[in-house]
Amino acid sequence: MSQKGGTGKTTTVRTLTDVIRRLEVGVLAVDLDPQGNLSDYFDVPADADPTVADVLAGQVKALDAIHNDVLPANLGLAESELILAGKMGREMTLRRALREPSKRYELILIDCPPSLGLLTVNALVAADYAVISSEAEYFSLQGVEQALEVVELAKDSLNPDLEWLGVVLNIADLRTVHAREAIVSLKKSFGDRVFEAPIRRSVAYAESAERGVSILDHRPDLGADYLALADEVLDRLGWKDERRRLGELRAELTPA
Ligand SMILES: Nc1ncnc2c1ncn2[C@@H]1O[C@H](COP(=O)(O)OP(=O)(O)OP(=O)(O)O)[C@@H](O)[C@H]1O
Ligand SMILES: [Mg+2]
């Protein structure tokens, strides 16, 4: 999640899904953004039907809207957000809808839209953990604080078990003093909740999206950032066996 657009949320969901699937973990990727970028990344056809919008509208079951382990979205989701807003239990809708899929998949990753509105709140109420994506720049501190307030609200009111897993330093240009200073200030405020592994900025991400090739295969040297992030995520989740398998994958993809 992040309030700001373009902080790398979708790329992170897409790449973590890819990494964790390579560990033979069943991962469902949920696109909760009317832009439908995650669905594009996974090559779900633009006219795929039904989508998460139909699920939130109560017209189909989530399991019947999954295409190749992706629950896709398109612009129709913007309308269903408006309809949802007028309904009872509007914050709980996704949580209820994901009950069945959560028995079938070991992990569900949800890509939020760039806002802290009803869709993101639905994700937070459905989730066990929240991950905040932040660019390493001057205003990022405020952005993370605002996101955390919404996490706390969801936790206090509707999802007491929700935990904040951490902040990903995304699209970081580590060569600039500005980015390095922003990282220092984020770490000062949020301590070890900031993931150690920043995701470095590179044009290779745009190329990899354009070609539909995962960054792990397109540029394994850069993909290493996501392997390191996945390692921290699995560690925080306490998934020991999967971490061991990830160690093997890292040795394979990025030989020393
Ligand atoms: N590490 C990176 N370095 C450079 N560019 C990146 C990186 N990660 C993602 N990008 C690019 O930045 C743009 C925004 O990334 P992405 O779509 O993942 O962000 P987002 O937070 O999901 O955006 P939105 O808020 O619009 O949903 C995309 O063009 C993507 O290819
Ligand atoms: Mg996105």
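User: At what angle do helix α7 and helix α8 pack, and how far apart are their axes?
Analyst: Helix α7 (residues 118–126) and helix α8 (residues 140–157) pack at about 55°, axes 9 Å apart. Axes here are lines fitted to C-alpha atoms, for helices over the stretch in contact, with angles running from 0 to 180 degrees between N-to-C directions. Helices are DSSP runs (H or I, at least four residues), numbered from the N terminus. This is a predicted model: local features need pLDDT of at least 70, side-chain atom pairs count only at pLDDT 80 or more, and totals for chains, interfaces and linings use all residues. Residues are numbered from 1 along each chain as its sequence is written, chains are lettered from A and ligands numbered from 1 in the order in which they are written, and side-chain values use heavy atoms, leaving out hydrogens and water.

User: What do you call the arrangement of α7 and α8?
Analyst: α7 and α8 are oblique to each other, because under 35 degrees is roughly parallel, over 145 roughly antiparallel, 65 to 115 roughly perpendicular and the rest oblique.

User: Which residues of α7 and α8 meet?
Analyst: From α7, Val 121, Leu 124 and Val 125 meet Val 150, Val 151 and Ala 154 of α8 (contact means heavy atoms within 4.5 Å). By class, that contact has six nonpolar, no polar and no charged residues. Ala, Val, Leu, Ile, Met, Phe, Trp, Tyr, Cys and Pro count as nonpolar, Asp, Glu, Lys and Arg as charged, and the others, Gly among them, as polar.

User: And how do α4 and α7 cross?
Analyst: The axes of α4 (residues 76–85) and α7 come within 10 Å and cross at roughly 75°, so α4 and α7 are roughly perpendicular. Leu 77, Glu 81, Leu 84 and Ala 85 of α4 contact Leu 118, Leu 119 and Asn 122 of α7. Those divide into five nonpolar, one polar and one charged.

User: Switching to the ligand. Which residues come nearest to ligand 1?
Analyst: Of the 19 residues around ligand 1 (a heavy atom within 4 Å), Gly 6, Lys 9, Thr 10, Thr 11 and Ser 202 come nearest.

User: What sits 2.9 Å from a nitrogen atom of ligand 1?
Analyst: A backbone N or O atom of Ser 202 does. A polar backbone atom of Arg 200 is also 2.9 Å from a ligand 1 nitrogen atom.

User: How far is Asp 33 from an oxygen atom of ligand 1?
Analyst: An N or O atom in the Asp 33 side chain is 3.4 Å from that oxygen.

Definitions and conventions
Helices (H or I, at least four residues) and strands (E, at least two) are DSSP runs, numbered from the N terminus. A polar contact is a pair of N or O atoms within 3.5 Å; within protein, one must be able to donate a hydrogen and the other to accept it, and residues adjacent in sequence count only if both atoms are side-chain atoms.
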